[in-house]
Amino acid sequence: MKKLMALIDGSVYSRSVCDHAAWVSRRTGAEVELFHVLGRRDVASSTADFSGSLDADARDTLLAELAELDEQKSRFAQRRGRLILDEARKRLEEDGVREAAVKLRHGDVVETVQEFEKDADLIVIGKRGEAADFATLHLGSNLERVVRASQRPVLVAARAFQPIGRILVAFDGGPSALKAINYIAESDLFKGLHCTLLTVGPETDENRRRLEDAAHQLRAAGLETEHAILPGQADSVIADKVASDKIDLVVMGAYGHSRIRNLIIGSTTTEMIRSCKVPILLFR
Amino acid sequence: MTDDFASRLKTEWFGNIRNDVLAGLVVALALIPEAIAFSIIAGVDPKVGLYASFSIAVLVAITGGRPGMISAATAATAVLMVTLVKDHGLQYLLAATVLAGVLQIGAGLLKLGYAMRFVSKSVMTGFVNALAILIFMAQLPELTNVPWLTYVMVAGGLAIIYLLPRLTKAVPSPLICILVLTAISLYFGLELRTVGDMGELPSTLPVFMLPDVPLNLETFMIILPYSAAVAVVGLLESLMTASIVDDLTDTRSDKNRECVGQGVANVATGFIGGMAGCAMIGQSVINVKSGGRGRLSCFCAGVFLLFMIVVLGDWVAIIPMAALVAIMIMVSIGTFNWGSLANLKTHPRSSSIVMLATVIFVVATHNLAIGVLVGVLLSGIFFAWKISQIFRVTSTLSADGTHRTYTVEGQVFFASADDFLAAFDFKEVLDKVTIDLSRAHIWDISSVAAIDMAVLKFRREGAKVDLIGMNEASETIVDRLALHDKPGALERLMGH
C-alpha cells in the first residue's frame, strides 16, 4: 500500500482516525495524507437589517459589508482548520508516523475524496462527525456519501483505537465480499491476524462451498482462519459474534443496494456500522 | 444524482428557515406599496398588481433559478403596458401577460439566458438608471397640482424612511412611514388622495379566469409587440438581478431555469387577473439585507402579501398616496446607480456614451427594451471600432527592388477591411508580392473580399502574389469564399 487518505473534522473522532491511520501506516508503510475540508458556505453571512429601506447605492454598500463578513468567517475557519491539522499531525507523530502530508481544502468532502482518491489505496474516516449526536447513534452525514462515492476501501474508525488482533469478515459471497477477501489475502495490513469468516444465512451447499473457498484462499495467504455459517438477521448475528469472540475489526461489503431500497427497508450496512463498537473496513 | 437533487432542494428551501421567513415578511410589507404604485403606473386597479405580486412571487420561488431573489409586479414591465391598457383595456393586458410568459418559457428552453453576455456592464448601468428615472417620473402626477400639504407629507415620509434606520433596524421603516402618515391624515381629517381613490382593492383570493379577448390573429398582432417587449425587459431585469444576488450571496444561479420560471409565473398570473412582472432589483437587495437567502423568502413574501391584503384590505384603502410616493422615491433613489455619475469622468468615453444612450432612449420612449437594444448595438459598434484599431501592415522590399513582403498584424474584418486595402501600394512596380498573414486573423466576407481585391490588383499590375501564413480558421473562410484563386476571378469580383 502506498498512500492513505485520512479525513478529519475536529470532532472527538479525529484522534481515533489518526490512530487507525497510524496503525495502517505502521503495518504497510503507507504514507498518510491528512485532509480537512472547509465546508462550502451554504448560507452566506447575513446582516440582520430589517429596516427594509434602500439607501443610495445600497447594492454596493451591502456587497462590501457581506464580503467583509464572509471574509472574517472564512479566515476563522481556515485558522481552525490549520490547528486541527497540526494537532492531527502531532498525534500521528506520537503514533510513530514520521511524515504526514496535510491538505486543507475548500468544498465538499465527497468532491475532495473523488479528487484525491486516485493516488490513495485506502480512506480512513470517523464513524461520526462534528455534529454527531451520540444519544441517537446517528451516523455522520458524510460517512454514507463518502462510502457510496468512493472507489477505494473505507476504514470507518470507532470512537477510540484498540489494538487489532482478531478480524471478522462478513461474507455473503457477493462481488464486494470477494473483493474484500482478495484484498485481505494480498495486503500486508492483515499479516499475522486471526481471521473469522462468517456467513449469515441458511446452511446450504452453495454457501458452504463459497465460504470454504474463501477460507482456503486466506489460509493460503498465511492467515490463521476459521469459518462459520449462522442463521438469523445479519446485523444482530454479526454484532453478537463480534462481542462474544472479542473481534477488533469487521470487514464487509457495503451498500449493495440502491438508496431507494434502503429508504424503504433500511440498509444492513448502516445498521452494522451503528451497532458494532469496533472499526469497520468497507468494500464496495 | 437523485440524492444531490433532493439535498439541494432541501438547502434551497429550508436551509435558512428563520431568516427567510423574517425577510419574506419585510419584503411583503415593502411589496404592498410597490405593487399598488406599479398598478397605478400601468393604469389598472391596484388589485391587478397585488394579485400579480402574489402569484409571481410564489411561482418564481418554486420554478425560478435564483433562490433569494424577489419577483413580483414591477415598474419595468408596467411602463411598457401603459398604452395597451389605455387603447384596449385590462383584458388585453392579461392576454399580453400570458403571451409574454410563453415567450419567456421559449427563451429559457432555447437557453437564451446565455445571450446576456452581450449586455455589457454599461448597458446594465444604463438600464437601472433609466428604470430609477422612470419610477421617479411616474410619481410626478402625484406631485403636481396638489395641495401644499402633500409636499409636507411626502417630505415627512422620506424623513421617516431614511432617519428611522439610524435609530433601529428591527422594524421596516417604509411600514412605519405608512402607519404614521395614515394616522396623521386620519387624525386631522386631511383631504388627501388615498389608495382607495385609485381603484379597486382585492377582497377575495384570486380566481382562475380566461382573459376576455377574441382569440384571433388581430388580437395576437395587437398584444405581440407588448408581449415581446415585456418578455425581453422582464428577462433582462430578472437575469441582471440574478447576477446581483449571485454577487451578494457568493453563490451561483441557473439563468436558463430562471427564464422558464419567470415565464411560467407570468402565464399563470395572466390567468388569475394579474399583470406581468419580473425580478425586482430593489426588493431583492432588501431581501438579502434582511437575511433572506432561500426560495422560502420569496414564497413567504407572496403569501404574506396576499394574506395582508385580503385581511387588511379596508385599511389599505385609506393609506394616503403621499406615503406611497415617499416610498417610491426611496425605491428610485435606491435603484439609481449614483456611483455611475462619478464614473462618467473616469470611465472610457465609449462606455459612458453607451450608458447615457441607454438612459436617454429609455426615458424618451418609456421602453426599456429599446434602450437596451440601442445600448447593445452601440457597445458592439464601439467594440468593433476598438478591435479594428489593433491592426497594422508593415512591408519590406527585397535588395533587388522586385519583391515586396507585406506583413499584416491584427484582426481583418468589416471595420478594418478598408485600412487593409489602403495599406498596399499598387503603383509600385514589382515582380513578386508576398502577403504574410501569419499574425492576422481573417474574420468575414468583407475581409476575404479585401484580400481578393488586393491579390487581383497586384496581378493586374503584373506581379506574382503569394499569400502565406494563414491560420487554420482564416484559411477555411478564405478557401470557401475567396475568388482570386478560382477561374474568372476578376469578372466575378467586379460583379459584386
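This is a predicted model: local features need pLDDT of at least 70, side-chain atom pairs count only at pLDDT 80 or more; totals for chains, interfaces and linings use all residues.

Me: Where is Asp57(A) found, and what is its phi?

Reply: Asp57(A) belongs to the loop between strand 2 (31-38) and helix 2 (58-94) of chain A. Its phi is near 55°, a positive value in a residue other than glycine. Most residues other than glycine have a negative phi. Helices (H or I, at least four residues) and strands (E, at least two) are DSSP runs, numbered from the N terminus.

Me: What about Lys111(B), then: buried or exposed?

Reply: Lys111(B) is exposed, with 11 other C-beta atoms within 10 Å. Its phi, near 60°, is positive in a residue other than glycine. Lys111(B) sits in the loop between helix 6 (90-109) and helix 7 (121-139) of chain B.

Me: Changing topic, how is chain A divided into domains?

Reply: Chain A has domain 1 (3-41 + 77-144) and domain 2 (163-283), with bounds from an automatic or database domain assignment. Nine residues of domain 1 of chain A are in contact with eight of domain 2 of chain A; contact requires C-beta atoms, placed from the backbone, within 7 Å. Helix 1 (residues 13-28) of chain A gives the largest share of the domain 1 side, five residues.

Me: How do helix 7 and helix 9 of chain A cross?

Reply: The axes of helix 7 (residues 234-244) and helix 9 (residues 268-275) of chain A come within 9 Å and cross at roughly 30°. Axes are lines fitted to C-alpha atoms, for helices over the stretch in contact, and angles run from 0 to 180 degrees between N-to-C directions. Helix 7 and helix 9 of chain A are therefore roughly parallel to each other; angles under 35 degrees count as roughly parallel, over 145 as roughly antiparallel, 65 to 115 as roughly perpendicular and the rest as oblique.

Me: Which pair packs at about 95° in chain B?

Reply: Helix 2 and helix 14 of chain B do, with their axes 10 Å apart. That makes helix 2 of chain B roughly perpendicular to helix 14 of chain B. Pro33(B), Glu34(B), Ile36(B) and Ala37(B) in helix 2 of chain B meet Leu324(B), Ile327(B), Met328(B) and Val331(B) in helix 14 of chain B.

Me: And how many residues of chain B are in contact with chain A?

Reply: The count is 41 residues of chain B, in contact with 23 residues of chain A. Helix 2 (17-42) and helix 14 (321-335) of chain B are among the helices that each supply at least two residues of that chain B side. The chain B side has 22 nonpolar, 13 polar and six charged residues. Here Ala, Val, Leu, Ile, Met, Phe, Trp, Tyr, Cys and Pro count as nonpolar, Asp, Glu, Lys and Arg as charged, and the others, Gly among them, as polar.

Methods
Residues are numbered from 1 along each chain as its sequence is written. Chains are lettered from A and ligands numbered from 1 in the order in which they are written. Two residues are in contact if their C-beta atoms, placed from the backbone, lie within 7 Å. A residue is buried if 20 or more other C-beta atoms lie within 10 Å of its own, exposed if 12 or fewer, and partly exposed in between; C-beta atoms are placed from the backbone.
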